[in-house]
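Work through the exercises below with the sequence and the model open. Each task is followed by a solution in steps.

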Amino acid sequence: MKIGFIGLGNMGAPMAGNLAKARHDVTGYDMATVTVDGVTPARSAADAARDADVVITMLPNGQILHAVAAQIIPVMRKGAVLLDCSTVDVDTARSVAQEAEAAGLLPLDAPVSGGIGGAAAGTLTFMVGGSDEAYQSALPLFETMGQKSVHCGPSGNGQAAKICNNMILGVTMIATCEAFALADKLGLDRKAMFDVVSTSSGSSWSMNAYCPAPGVGPKSPADNGYTPGFAADLMLKDLRLSQQAAEASDADTPLGQQATELYRRFVEDEDGAGRDFSAMLPRFEKRGRG
Ligand code: NAD
């Protein structure tokens, strides 16, 4: 396929590289100077998008996605797929999709889970919103860049799935960290705590696969001084998107709200910026009473 790839950052560069390795004809553009093996550099977003069968965007936020969409939608071929893999708010995903459809394009919102490691290894999970026709056209690309894709319904539903998933992740990480801090105070060994909870009803991905306590459970950012992994700043971004969506749709998400405030304080007022989101554990240790 002829692919235009816009946004060659931490995630986009390895994703574009994997498409090129799979012998797709990939032209890439980033506002920073980035070179990716096998990807032909373009001089602008419009140049990367013109003539492509599929244009993939992997950008920091919804505002930037809107600006880039305005540059590429008018030059894209009718019937081409506009595949946005960034994490953005549901409203932006739906309005970009409407603009694309009006121009005769097939839009998909397909945010990912799996992080930088998954992008490099080609093992991402894609949560996809859009028409069945668009989903089927992009399926071979999901299979190259990832190991699983779920078609979640019409435009915006991929973003909806992503922010609901990450709201659960933020809440369970906080719960796991505060439980470890409480266990410490109660004199419970961390290894015993892990062995019990990871095989009991308190288990979750945060405990079992990404344990925030160093030296316990499988290797995780806690074993690497809390270098991200998944940065607390990105968790805060996703939690804010969940709360924006909750407010717009009148959903009651008290734990999501509390998790957003805790990560806000951690990132903006404490020492959480640039640290992994599991560094909530040393935060609770420091702030323990007495
Ligand atoms: P990044 O900041 O490394 O990459 C974004 C790239 O977009 C940068 O290279 C930047 O120069 C480029 N860019 C910005 N504005 C542009 C413009 N107008 N035109 C062209 N290029 C432009 O971010 P990332 O970590 O690659 O994340 C990308 C998206 O994926 C975000 O929405 C993020 O929330 C989501 N995401 C990231 C992770 C992760 O672990 N990093 C995991 C899942 C989802």
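A residue counts as buried if 20 or more other C-beta atoms lie within 10 Å of its own, as exposed if 12 or fewer do, and as partly exposed in between. The model is predicted.

**Exercise 1. Two residues and their surroundings**

Task: Decide whether Q159 is buried or exposed, and list what Q159 touches.

Solution. 
- Step 1. Locate the residue: Q159 is found in helix α7, residues 157-185.
- Step 2. Count the neighbours: Q159 has 28 C-beta neighbours inside 10 Å, and therefore counts as buried.
- Step 3. Leave out residues up to four places away in sequence; Q159 then touches V88, D89, V90, A93, D109, P111 and G129.
- Step 4. Take a distance for scale: Q159 and D269 are 110 residues apart in sequence, and their C-alpha atoms are 28 Å apart in space.

Solution. 
- Step 1. D53 sits in the loop between α2 (45-49) and β4 (54-57).
- Step 2. D53 has 18 C-beta neighbours inside 10 Å, so D53 counts as partly exposed.
- Step 3. Not counting residues up to four places away in sequence, D53 touches M1, K2, I3, A80 and V81.
- Step 4. For scale, D53 and D271 are 218 residues apart along the chain, with 45 Å between their C-alpha atoms.

**Exercise 2. Strands around β1**

Task: Which strands pair with β1, and in which sense?

Solution. 
- Step 1. Start with β1 itself, residues 2-6: the strand is mostly covered, with 4 of its 5 residues buried.
- Step 2. β1 pairs with strand β2 (residues 25-29) in the parallel sense over 5 bridges. Within this pairing, I3 stands opposite V26 in β2.
- Step 3. β1 also pairs with β4 in the parallel sense, over 4 bridges. Here I6 stands opposite T57 in β4.

Solution. 
- Step 1. β2 pairs in the parallel sense with strand β3 (residues 40-41), over 2 bridges.

**Exercise 3. Two annotated spans**

Task: How much helix and strand is there in residues 2-153 and in residues 156-281?

Solution. 
- Step 1. Take the spans from the record: an unreviewed UniProt entry places "domain: 6-phosphogluconate dehydrogenase NADP-binding" at residues 2-153. The feature "domain: 3-hydroxyisobutyrate dehydrogenase-like NAD-binding" is placed by UniProt (unreviewed entry) at residues 156-281.
- Step 2. Residues 2-153 are 39% helix and 27% strand, and the end C-alpha atoms of the span lie 26 Å apart.
- Step 3. Residues 156-281 are 60% helix and 0% strand, with the end C-alpha atoms 33 Å apart.

**Exercise 4. The shell around the ligand**

Task: How many residues surround the ligand, and which element gives the most to the shell?

Solution. 
- Step 1. The ligand is surrounded by 25 residues, of which G9, N10, M11, S86 and T87 are the closest.
- Step 2. The elements giving two or more residues to this shell are α3 (62-72) and α5 (115-121).
- Step 3. α3 gives the most, with 3 residues.

**Exercise 5. The whole chain**

Task: Why does the radius of gyration of the protein agree with a compact globule?

Solution. 
- Step 1. List the elements: the protein has 12 helices and 9 strands.
- Step 2. A compact globule of 290 residues would have a radius of gyration near 19 Å; the protein has 20 Å, so the two agree.
- Step 3. Check burial: 49% of the 290 residues count as buried.
- Step 4. Check the contacts: of those with a separation of 6 or more, 61% are between residues 24 or more positions apart.

Technical notes: Residues are numbered from 1 along each chain as its sequence is written. This is a predicted model: local features need pLDDT of at least 70, side-chain atom pairs count only at pLDDT 80 or more; totals for chains, interfaces and linings use all residues. Two residues are in contact if their C-beta atoms, placed from the backbone, lie within 7 Å. The radius of gyration is taken over C-alpha atoms; the globule rule is 2.2 Å times the number of residues to the power 0.38. UniProt positions are given in the numbering used here, feature names are shortened, and annotations may be inferred rather than shown by experiment. Two strands pair if DSSP finds at least two bridges between them. A residue is near a molecule or strand if its C-beta atom, placed from the backbone, lies within 6 Å of it.
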